[in-house]
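My notebook is open, and today I'm looking at how two chains meet.

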4 protein chains.
Amino acid sequence: MRERIFLLLDAGHSEEPLARIVDIVLISLISLNVVAVIFESMPEVYAHYGPWFDWFEIFSVSIFTVEYLLRVWSAVESRNPRYKSPVKGRIRFMLSPLALIDLIVILPFYLSSLFGADLRMLRALRLLRAFRLTRYANSMNLLLQVLRDEGPIISAALFVLLMMISVAASITYLAEHAAQPEAFASIPHALWWAVVTMTTIGYGDVVPQTLIGRICASVIGIISVGMVALPAGILASGFNEALHQRRRRYEQLVDNVLEDGVIDADEHHQLHQLQEELGLSQHEAAAILKAGYRKMSHLTEICDQCGKVILLPSPDDPEGGGTTRLSKFG
Amino acid sequence: MRERIFLLLDAGHSEEPLARIVDIVLISLISLNVVAVIFESMPEVYAHYGPWFDWFEIFSVSIFTVEYLLRVWSAVESRNPRYKSPVKGRIRFMLSPLALIDLIVILPFYLSSLFGADLRMLRALRLLRAFRLTRYANSMNLLLQVLRDEGPIISAALFVLLMMISVAASITYLAEHAAQPEAFASIPHALWWAVVTMTTIGYGDVVPQTLIGRICASVIGIISVGMVALPAGILASGFNEALHQRRRRYEQLVDNVLEDGVIDADEHHQLHQLQEELGLSQHEAAAILKAGYRKMSHLTEICDQCGKVILLPSPDDPEGGGTTRLSKFG
Amino acid sequence: MRERIFLLLDAGHSEEPLARIVDIVLISLISLNVVAVIFESMPEVYAHYGPWFDWFEIFSVSIFTVEYLLRVWSAVESRNPRYKSPVKGRIRFMLSPLALIDLIVILPFYLSSLFGADLRMLRALRLLRAFRLTRYANSMNLLLQVLRDEGPIISAALFVLLMMISVAASITYLAEHAAQPEAFASIPHALWWAVVTMTTIGYGDVVPQTLIGRICASVIGIISVGMVALPAGILASGFNEALHQRRRRYEQLVDNVLEDGVIDADEHHQLHQLQEELGLSQHEAAAILKAGYRKMSHLTEICDQCGKVILLPSPDDPEGGGTTRLSKFG
Amino acid sequence: MRERIFLLLDAGHSEEPLARIVDIVLISLISLNVVAVIFESMPEVYAHYGPWFDWFEIFSVSIFTVEYLLRVWSAVESRNPRYKSPVKGRIRFMLSPLALIDLIVILPFYLSSLFGADLRMLRALRLLRAFRLTRYANSMNLLLQVLRDEGPIISAALFVLLMMISVAASITYLAEHAAQPEAFASIPHALWWAVVTMTTIGYGDVVPQTLIGRICASVIGIISVGMVALPAGILASGFNEALHQRRRRYEQLVDNVLEDGVIDADEHHQLHQLQEELGLSQHEAAAILKAGYRKMSHLTEICDQCGKVILLPSPDDPEGGGTTRLSKFG
């Protein structure tokens, strides 16, 4: 019973229809919560539908509370050995980042009921529920992994950026302070201008007007275009590399699986699971599989209409039995 | 007769002079339509030349209608087996994306004639005719393929972006609501600010003025520069990879074709067709061909003036006959 | 005599000291002309120093005219066979892009003297003299080559961008026309807004104010961040690839030159010339050379202080004679 | 004694606890100085806490002066042979870029005490102290190396950019001068507009209003999106390549070290030092090490909880002794 609940709540890893339904219900509820927070903030909407929003909030928090309690209760069923012990394991689970997000998302409701705190502030905090969706997005893991891997380089680029912003703000402060004593009243004021300029947002609320200020701003603008884009470029190329590694991992499984020339039901399941885990598109998976077959000197085609892999009979294997086995995979 | 019309209308795949003329006429007509829609919207231009625009519209719709009917009629000549059956095949063709665009482009005219609907709205809709040009652009396919391949990653990046926009809007709403009750009247108002800031457009119509609002905006601005550029970076590197694959495909054909050391008229035609299909530039194709020759230990040069490949006589092949055969290819 | 003048004027390819001086004088004169055009446009500067600018203009045009005539006269000495014939060759040379720029740069002066045309307009045209500097920048060729190679893809991306700008302008025109009849008076007015938004410039002079207009603008803004960056990403990765090819070309020469284990004066000259032609930095060249030596199982080091390549004596070559030969290269 | 002080001050290279503390104290002091400069510029803050800022300044300068003198005194202990001679070596050290920054950072204080110069200007100059932090950031070296390597290409791109800005400014000046005689009073005024537009900052303080001016601005905007992003793209891909080289260097050391299948204390230390020097993350280092072990046909795993490398017993090495040795590395 506890194991079953654990599997039902364990996002993305079970293939059972009921688990899928649980996933979809929770994703919809979270998305509706985000939409509700945004609309609730409009006075004219809240004036008309206020009670509905309040009831929806109570309903959502009830579901999330039950879900949270079930997760904590069933955590000991996890394959992770750290969560095995009944008390210590559950406390460890409750302190894991995902579980903390789950708690933060329901806590404000209970706190405001208990202490009658400012509701407006707490309502907006509910938007953090959006982060719960990360649990269901496989590709997000890739994004976070790249961020972690390229961490030291990105920190260095950010540090250079912050230093440049500080220096740019100080120089422009010295140049513009006399001409615009209000907009450039101090370096922190100039920092606002520097950030808006170096990110190329350029609101235009603060603009240098002296000759020296404009020359500084021009140099800063041209340099910043290159510097600000650096972290993005590094992230993108790190991402690209991570994507390649994912494909190589799928290729290796394809090669293993095709060693005997046949993909049986079990191997098909393995491929499907790895594809989901890596977040590969149907198109990519089919292309890798096709390449794998080609290496084995079979001829394959991707059907123009259904996008499935068609295994043509090769001279060595006149029955071409692979086609039928593959057709259910595509 | 029906087959001939099919081939004439089948963009980019036939080499007949008449088919080329049909292509050019249709491309010109579509481009003129886009220009007409833009100029027609200017009241002073429409006041003077109104009837001309109306006649041009009737003329264009007539041509497009005839073209559409001929396409539907000749669809059964397509190599695609799904369109072979006289009735079902034609209905399937009419539901294909390209045929639907062709229909949407002429339908508004007939609807407005029948029901007397608002002409202004419908006139602007004619701008969708521009999308018909995609039929004639080979490189566009590459663009769409990359978008499809990198789909899951780009969706993940977009999802993170939307979440960040929502959270940024909520935080800045809380910080600025009291100071600017009009510009930050609700979270949807703050969403407009967040989008304008995170895409670095920065109109300046809504600008945070409190200290906390500016600190939030600065952090958001710096983060967004990296996050917003991610999808672009992924697309660009996916593109780059797809371009490499195209070149490799051309290289393989060059290798096959050069196996006997001679490019005959038929192989020349094959190379030319693949080059057009892949959208390779003359320069790239010549470079790949040159490299292919070099692998066969022939000496080749690219002529400085005409850019054509010159095959120098190699020690093993004193006649150097390849030169003349190649000169018509360059 | 004619050959000597040809070599003196032939930018970047001769190593003679006098040719270098001619290069530097011409580059300085062009740069001073650009600065003069910019300062001349300031009324208060022109009021004070007007005659000086006029004399400088007459002086510059004289030099450029003499240079142009000498170039045309000596063009027949070029290695290019198309310019060999005394009359036809010179006319062909005069129609080459670089010679046309040289002519356009001096022509306005003579035209304004003859016909008394508007001087202000013509003065600004002199800024085109800046383009004459391209003759002296080796890296520029790489930039232009990449632009040519990636041409079809960049055109496709630009075409998609133009189509998106048109469609975005039309939709926002429909949404905003009623609310802002002046700023969105017609689609061409909306086109201005669309370009300013999609390039993320965001002046803020035209901003959508209706709900639908803002939703359109948000979607357009988010899409455009990805689409607008595509051509830049393609250019950058094309550039990167071209840089790699350059390095490979230098590597090949290094391998050839090192086959006998010794770099003599002639080979040193060859390496130096290719390095200049390819625009490789000293650092890169030294790194490639070092790698070349390592392949030959010699041990080399880059000196920490002077950055030169030090060839350590290898077990097979106990005299280590390479060091002295290399030391003059570093 | 002198050697000990040299090692204590030599940032990042010593592993002694005391040297670490010296590093942390200096980094904190520099960071506090940057914060102090920014807050000091706020009149209301300086009015209240002025004396505190003055005392902090005197304290900081004292520390920095002592540090500078100790560095100069102990410079002869450096491994660099150029600094060995007692007098000449110390003068050479004082002229090295890092030592000059150290001097510039303390000099203003003494100059203003001596000559009573304008304090405001000098106070802001103290922000340059931030650059002293570069001494402690390993990843910064990578950034600077890439900038140096890609120098000629980036100069070419910058030169094209400057030429484009000049030409764009001149054309728009001609188009807008009559309509906006104040904002486009001269080409230098137009240059300000061109820089703000081409970097996509778009303040909106100067906006073209004539038809021709807007057409020019649109073309310039679309071109600039591609051109301005070029240097950033080149930098990012150069960076990416440099990162790969770093990883390859670590891989080589791992291969060397694993030749005997065992990582002893000395080799562990070597790996750790190279990892620090290259600025590799713990995650990357572990991944490379794991791959190295795999090549040797040992089976390894990364522990899910502690992130450490677990060396599984291989069939050839039944004792699996590597595990314990590795566990202290992870």
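How many salt bridges count between chain A and chain B? I found one salt bridge (a side-chain nitrogen of Lys or Arg within 4 Å of a carboxyl oxygen of Asp or Glu). Asp205(A) pairs with Arg214(B), their closest N and O atoms being 3.9 Å apart.

A note on the source: this is a predicted model, where local features need pLDDT of at least 70, side-chain atom pairs count only at pLDDT 80 or more, and totals for chains, interfaces and linings use all residues. Residues are numbered from 1 along each chain as its sequence is written, chains are lettered from A in the order in which they are written, and side-chain values use heavy atoms, with hydrogens and water left out.

Next I looked up the contacts (heavy atoms within 4.5 Å). I got 44 residues of chain A in contact with 47 residues of chain B. The two chains bury about 3,900 Å² between them, 73% of it on carbon and sulfur atoms; buried area is the accessible area (1.4 Å probe) that two parts lose on being put together, summed over both.

Then I went for the nonpolar cores (buried Ala, Val, Leu, Ile, Met, Phe, Trp, Tyr and Cys residues joined through side-chain atoms within 4.5 Å; buried means under 20% relative accessible area, 1.4 Å probe, protein chains only). The largest has 180 residues, and Phe239(A), Phe239(B), Phe239(C) and Phe239(D) touch the most other members. I checked Phe239(B): not counting residues up to four places away in sequence, Phe239(B) touches Leu142(B), Leu143(B), Val146(B), Ile153(C), Leu230(C) and Ile234(C).

Key. Buried means under 20% relative accessible area, exposed over 50%, partly exposed in between (1.4 Å probe, protein chains only).
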